[in-house]
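Okay, everyone, let's get going.

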Amino acid sequence: MGGEVTRARILVVEDDPEAALFVVHVLANRCRFEVIHTADPVAALRMVTDEHWDLLLTDLDMPGMTGLELLGALRQVAPGLPVAVASAHALDGVPAALLGYADHYLEKPLRGDQLIATATALIGRGRQPYPDTPGHDTLPT
């Protein structure tokens with residue numbers, strides 16, 4: 001492998017420091033992705049607008065802006081960016097609007113192998129346009 005290989009860039013939006021540390025550790029150390037973390041959804045939105053990313057991984061419950069609000073705004077500025085959503089809550093009651101914004105759902109507590117499989121698959125295929133069906137059943141769990 002030459003030095004010219006560009007590593008995939010992942011933006012992690014997570015307000016829980018321990019969860020963020022785990023995600024960054026797994027994706028950066030085990031997969032060699034370039035992983036940047038922010039606890040601030042507003043900052044994340046600015047970063048997505050200004051820079052290229054291959055994947056965004058976000059928590060749903062955050063102070064200041066919910067994951068749903070972030071996703072709605074995100075789709076305005078980066079419609080093609082694959083997004084994985086992590087939540088500690090059962091996703092049965094997830095609003096239909098959210099299903100169209102996110103590409104995959106991960107239930108907390110996150111598992112390393114699941115995280116790697118999801119990130120690799122989403123980065124590999126990019127965002128799929130699926131107007132009617134939620135994308136959370138198309139990836140390994």
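So, Arg9, Glu34 and Glu51 are linked in a network of salt bridges. By salt bridge I mean a side-chain nitrogen of Lys or Arg within 4 Å of a carboxyl oxygen of Asp or Glu. Before I go on, keep in mind that this is a predicted model, where local features need pLDDT of at least 70 and side-chain atom pairs count only at pLDDT 80 or more, while totals for chains, interfaces and linings use all residues. Residues are numbered from 1 along each chain as its sequence is written, and side-chain values use heavy atoms, with hydrogens and water left out.

Helices and strands here are DSSP runs (H or I, at least four residues, for helices; E, at least two, for strands), numbered from the N terminus. Buried or exposed, what is Arg9? Arg9 counts as buried, at 17% relative accessibility, and Glu34 is partly exposed at 27%. The cut-offs: buried is under 20% relative accessible area, exposed is over 50%, and partly exposed is in between, with a 1.4 Å probe and protein chains only.

How many salt bridges does the rule give? The count comes to six. One of them I really like: Asp59 and Lys108 meet at 3.1 Å, N to O. That pair links distant parts of the chain, with Asp59 in strand S3 and Lys108 in the loop between S5 and H5, 49 residues apart. Asp59 is buried, with a relative accessible area of 5%.

Glu14 is in the loop between S1 and H1, and Glu14 is buried at 5% relative accessible area. And for anyone checking backbone geometry: a cis peptide bond joins Lys108 and Pro109, with omega about 0°. Pro109 belongs to the loop between strand S5 (104-107) and helix H5 (112-125).

One more pair: Asp103 and Arg75 form a salt bridge, closest N and O atoms 3.5 Å apart. Asp103 is in the loop between helix H4 (96-101) and S5, and Arg75 is in helix H3 (residues 67-77), so this pair ties together parts 28 residues apart in sequence. Both Asp103 and Arg75 are buried.

Now, two loop residues. Arg32, between H1 and strand S2 (34-38), has a phi near 65°, a positive value in a residue other than glycine. Arg32 is exposed, at 52% relative accessible area. His52 is in the loop between helix H2 (41-50) and strand S3 (55-59); His52 is exposed at 54%, and its side chain makes a 3.1 Å polar contact with that of Asp54.

Zooming out, we have five helices and five strands, in the pattern β-α-β-α-β-α-β-α-β-α along the sequence. Of the 141 residues, 47% are buried.

Terms used:
Polar contact = N/O pair within 3.5 Å; in protein donor to acceptor, adjacent residues only side chain to side chain.
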